[in-house]
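Q: I have a structure open and would like to go through its packing. Could we take it piece by piece?

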Amino acid sequence: GSALSKPKGVPYRTSAAITAGIFGVLAACLWGAPELINLLLGIEAGDAAAVMMARAGVLFAAFASLLWASRNEPPSYLRTQIAFAVVLAMLGLVLFGMVELFAQRVGAGITFAMAVEVLIAGLFLPHAKGGPDLPPTEN
């Protein structure tokens, strides 16, 4: 098939909509209920944690917006790159989660977050590969 043939797995529209919802809820929790995140991750509340959670909330809100806006995007270079960015972000979070878990800086609750991150990466992986060649660089 062509580079733009339909990937196997959950359709991009469904993956983007579900993940936008998850990221939106996460952003709201990071801003409005950081104690839930502290509890889940087994980390102490404090100024540094609060600042980093608020900042992470902005990033998750931005990802939610991007995914929601792109949910109807037909197969394209842009959609492939959005999917790749989601996979990269989720697998990066899994990697750092494992490092922090093994270093015992977080509690076992991080495994829930890591499981969700692996699931999201799996949703987007089929959409992140086999994309079209780089488009022309015209403005």
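Q: What is Tyr 12 in contact with, leaving aside its neighbours within four places in sequence?
A: Tyr 12 touches Leu 67, Ser 70, Arg 71, Arg 79, Ile 82, Ala 83, Phe 124 and His 127; contact means heavy atoms within 4.5 Å. This is a predicted model, in which local features need pLDDT of at least 70, side-chain atom pairs count only at pLDDT 80 or more, and totals for chains, interfaces and linings use all residues. Residues are numbered from 1 along each chain as its sequence is written, and side-chain values use heavy atoms, with hydrogens and water left out.

Q: Which residues have the most contacts inside the largest nonpolar core?
A: They are Tyr 12, Phe 23, Leu 67, Met 90 and Phe 124, in a core of 27 residues. A nonpolar core is a set of buried Ala, Val, Leu, Ile, Met, Phe, Trp, Tyr and Cys residues joined through side-chain atoms within 4.5 Å. Buried means under 20% relative accessible area, exposed over 50%, and partly exposed in between, with a 1.4 Å probe and protein chains only.

Q: And which helix gives the most to this core?
A: H5 does, with seven residues. Helices are DSSP runs (H or I, at least four residues), numbered from the N terminus.

Q: Turning to Thr 19, is it buried or exposed?
A: Thr 19 is buried, because its relative accessible area is 0%. Its place is in helix H1. Apart from neighbours within four places in sequence, Thr 19 is in contact with Leu 67, Ile 120, Leu 123 and Phe 124.

Q: Next, aromatics: how many aromatic pairs does the structure hold?
A: There are three aromatic pairs. Rings of Phe, Tyr and Trp (its six-membered ring) pair if their centres lie within 6.5 Å; planes under 30 degrees apart count as stacked, over 60 as edge-to-face and the rest as tilted. Phe 23 and Phe 60 are edge-to-face, at 5.1 Å centre to centre and 70° between the planes. Phe 23 lies in helix H1 and Phe 60 in helix H3, so this pair ties together parts that are 37 residues apart in sequence.

Q: What about the rings of Phe 23 and Phe 63?
A: Their centres are 5.9 Å apart and their planes are at 55°, so the pair is tilted. Phe 23 is buried at 2% relative accessible area, whereas Phe 63 is partly exposed at 21%. Ring pairs link Phe 23, Phe 60 and Phe 63 into a cluster.

Definitions and conventions
Helix = DSSP H or I, 4+ residues; strand = E, 2+ residues; numbered from the N terminus.
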